[in-house]
Amino acid sequence: MALSAAVQLAATLFPVSDCPMAGSMRRILLIFLLAVMLLPAPPMSKPESRAATSLLVRTRALPGGSAQVGLLRMEGAWILDSDNPGFGGISSMLVDGGGRILALSDSGTLIGIDIAGPPGARSFIAPLPVRPQDRDKPWWTWDSEAMTHDPASDRYWVGFELQQPICRYAPGFARVEACRAWPEISAWPKTGSLESLARLPDGRFIAIAEMGMTREGDHETLLFAGDPAEEATPAPLRLRYAPPRGYRPTDAVAIDDRHLLVLNRRLALSDLFTATLSLVDLPAHMAPGTRLTGRTLAQLAPPLPSDNFEALAVSHDRDRITVWIMSDDNHEFFQRSLLLKFALPRSALARQ
């Protein structure tokens, strides 16, 4: 919900002419709305994943032109919606150079969208495959929050909250190849756990907790030397990530072996949802407890389109990087699935 909508609702319920305390009542209502938005959605209220089918996704472009946002240049902004009840709740995504999006919702649902094609072109919705031994688990426990991909092998990795494993999938998400639950991740809060999972080009993986915190107030971070779904992979190196003050990490993606983009979200009374995009320069050698900090490349706040941004992806060109950001509507009528597209010049990767 945009702040203006909340203000309008408050003004409707408590008009100035009705009561001298109207201003205070409007503020109380805003605080109440903020509290409601902070509550985690009951898992069983999410839509159940069903059989794979084609999908019609409506896209409506928003004004913005080529606005400069920090070091990024906005190239497009859209509202996405669909009549399919499984659409929405997008928590992670991958985007290729042609603008084709593979998104993953927080209810174990894959959503394919071709943002560059005609409406509904090459769009689909399908449930994540599960292993035979997991088929009796309640569908709502598959809270998929993070996804990454190896273009060489065409395999995918998905990180889950609630159950908290990391699973590897065959090319095309044809089947589950392996899953592993790590005690380091199981120690994180079940509904604030594995929110970000990035694969570095050299085969290492970085996992960042949304609410698993260190004593210093940083976010627990794990560096895996290899495939985190494999039993043979050794225990991860414990790191910590420090987002901008007041923000929590919601997704991360590796640009290369030395640079990690992290999307950070904040929910506040002043302007509700805002986000920042941070660039982390990864040290060549990391020891236990290494603290990762980032440079803020851009802040996503009004008057830019703003909502619950959780999904981050990049696609590469020769002289620039395209950054894609999408919001999770929490399957609520008062939130939106927003998609933003930005150009990031490679010169921004220079260390400062």
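Visitor: What is the relative accessible area of R100?
Guide: Some ground rules before the number: this is a predicted model, where local features need pLDDT of at least 70, side-chain atom pairs count only at pLDDT 80 or more, and totals for chains, interfaces and linings use all residues. Residues are numbered from 1 along each chain as its sequence is written, and side-chain values use heavy atoms, with hydrogens and water left out. R100 sits in strand β6 (helices are DSSP runs of H or I with at least four residues, strands are runs of E with at least two, and both are numbered from the N terminus). Buried means under 20% relative accessible area, exposed over 50% and partly exposed in between, with a 1.4 Å probe and protein chains only, so R100 is partly exposed, at 33%.

Visitor: How far apart are the C-alpha atoms of R100 and G117?
Guide: Along the chain, R100 and G117 are 17 residues apart.

Visitor: How many helices and strands does the protein have?
Guide: Let's step back to the whole chain: of its 352 residues, 54% count as buried. Among contacts (heavy atoms within 4.5 Å) between residues at least 6 apart in sequence, 53% join residues at least 24 apart. As for elements, the count is 3 helices and 23 strands.

Visitor: Which residues are closest to the centre of the second largest pocket?
Guide: A pocket here is an open set of points on a 1 Å grid over the protein atoms alone, where a 1.4 Å probe fits and protein lies on both sides within 12 Å along at least five of seven lines; lining residues have an atom within 4 Å of a point. The second largest pocket holds about 680 Å³ of space, a volume being the space filled by probe spheres set on points that are joined across faces, edges and corners. Among its 33 lining residues, those closest to the centre are L94, V95, D96, H149 and V314.

Visitor: How many nonpolar residues are in the lining of the second largest pocket?
Guide: Several strands give two or more residues to this lining, including β5 (90-95), β9 (142-150) and β21 (309-316). By class (Ala, Val, Leu, Ile, Met, Phe, Trp, Tyr, Cys and Pro are nonpolar, Asp, Glu, Lys and Arg charged, and the others, Gly among them, polar), the lining has 6 polar and 6 charged residues, and the nonpolar ones number 21.

Visitor: Which residues touch the most other members of the largest nonpolar core?
Guide: A nonpolar core is a set of buried Ala, Val, Leu, Ile, Met, Phe, Trp, Tyr and Cys residues joined through side-chain atoms within 4.5 Å. Strands giving two or more residues to this core include β18 (259-268), β20 (291-300) and β23 (337-345). The core has 29 residues, and those touching the most other members are L261, L300, V323 and F342.

Visitor: How many residues are in the second, separate core?
Guide: Among its members are V57, I111, I115 and M326. In all, the second core has a count of 19.

Visitor: Which peptide bond is cis?
Guide: Most peptide bonds are trans. In the loop between β20 and β21, where P303 lies, there is a cis bond with omega near 15 degrees. That bond runs from P302 to P303.

Visitor: What is the phi of F173?
Guide: Most residues other than glycine have a negative phi. F173 lies in the loop between β11 (165-169) and β12 (176-181), and it is buried at a relative accessible area of 8%. Its phi is positive, near 55 degrees.

Visitor: Is H331 buried or partly exposed?
Guide: H331 is found in the loop between β22 and β23, and it has a positive phi of about 60 degrees although it is not a glycine. Its relative accessibility is 25%, so H331 counts as partly exposed.

Visitor: Which residues does K46 touch, not counting residues up to four places away in sequence?
Guide: K46 has its place in the loop between α2 (22-38) and β1 (53-54). At 10% relative accessibility, K46 is buried. Beyond its sequence neighbours, K46 touches D106, S107, W139, D143 and H331.
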